[in-house]
Amino acid sequence: MLTAARSTPAPPKNDTARLSVISPGPLTTVQDQGRTGYAHLGVSPSGAADRTSFALVNRLVGNSPASPALECTLGGLSIRLDAARVVALTGAPVPALVNGRPVADPTRFRLTAGDVLSLGRPNVGLRTYLAISGGLLVEPVLGGAGHDVLAGHGPHPLRAGDEFAVGAANPCPQVPVELAISRLPQATTIVRFRWGPRHELFDRSDRQRLTTTRWRVSADSNRVGVRLQGDPLQIGKIHLASEGMVRGAIQVPPSGEPIVFLADHPVTGGYPVIGAVVERDLDLVAQAPPGIGLRFQPISSGGRTMKLASRRRITTRS
């Protein structure tokens, strides 16, 4: 992390640069702030899974909030730049090597022409964001430059040999130390949510089970959603007409084990949604690696913790 607020000078604004991918790691994608206004056409917003870390990494290098950057899952990314640029890393902290030598402070640093940057595996968190001063120049699809793993929109996941143009460098602003830290999940992370819209389909014991179980993140999770494992809810099979889904929706399939939708979620679904994770805590869910524990804490519209109220179970017929 930064040890003091400081400004890193950028090279003169004269031309673009080229980024070459040497190794993409397990999964690295181009992401931005997402697509908006196309849900009625079946297009999800997509964009960065951890929005706070994404916004911070662009700010660190002087880019606009919407500039495309790289989202690297579980590290392993290796790239080369053909021109000098300031780069920054946020989200899950990873060891960073430049030409095989460790970077003492990988929050923000400078690469010279021909340098090779390699990222290790994070010890905490899941997704690391890499921004380059000037931003990646990527052709948008439906208003967004990010890759959607469910629908396939946007540039494909990075492959060895890929090349990207990088825009003219920007001056890097001073950023206070506290703004250069990403929120990351702990061994058991509290996730706040609001009930609804279908929580009344679940009886009191099911709703209580949702909030008292220490759910474990399944390895069968991705940018579409985080699957949870634990004491399943007993709602059984419910037939609902397809209805709109939002980022953060807690959907309960017939297995009784919840799924928290992330950036590439489907726009509709037929399983009941018992609640929705608040935007601030959804970044923590996006950073939760397999095996980590999550606990749901209900809050009111005003942000206060709610006590479980007794409600009549509503039955449905198929």
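I take contact to mean heavy atoms within 4.5 Å, and helices (H or I, at least four residues) and strands (E, at least two) are DSSP runs, numbered from the N terminus. This is a predicted model, where local features need pLDDT of at least 70, side-chain atom pairs count only at pLDDT 80 or more, and totals for chains, interfaces and linings use all residues. Residues are numbered from 1 along each chain as its sequence is written, and side-chain values use heavy atoms, with hydrogens and water left out.

**Helix 1.** I started with helix 1 (residues 51-60). Which of its residues are buried (under 20% relative accessible area, with exposed over 50% and partly exposed in between; 1.4 Å probe, protein chains only)? I found Ser 53, Phe 54, Leu 56, Val 57, Asn 58 and Leu 60. Their cover includes strand 2, strand 3, strand 5 (85-91), strand 8 (108-111) and strand 10 (127-132).

**Strands 2 and 3.** Strand 2 (residues 27-31) has four of its five residues buried. It runs antiparallel to strand 3 (residues 69-73), and five bridges join the two; strands count as paired if DSSP finds at least two bridges between them. Cys 72 counts as buried because its relative accessibility is 1%.

**Cores.** I looked for nonpolar cores, meaning sets of buried Ala, Val, Leu, Ile, Met, Phe, Trp, Tyr and Cys residues joined through side-chain atoms within 4.5 Å. The largest has 40 residues, and Ile 274 is among those with the most contacts inside it. Helix 1 gives this core its largest share, four residues. A second, separate core of 28 residues includes Phe 109 and Leu 117.

**Salt bridges.** My rule was a side-chain nitrogen of Lys or Arg within 4 Å of a carboxyl oxygen of Asp or Glu, and the count came to twelve. Glu 279 pairs with Arg 51, the closest N and O atoms being 3.6 Å apart. Glu 279 lies in helix 3 (residues 279-286) and Arg 51 in helix 1, so the pair ties together parts that are 228 residues apart in sequence. Glu 279 also bridges to Arg 247, at 2.7 Å. Is Arg 247 buried or exposed? Arg 247 is buried, at 11%, whereas Glu 279 is partly exposed, at 39%. Last, I noted one network of salt bridges with shared partners, joining Glu 71, Arg 127, Arg 223 and Asp 264.
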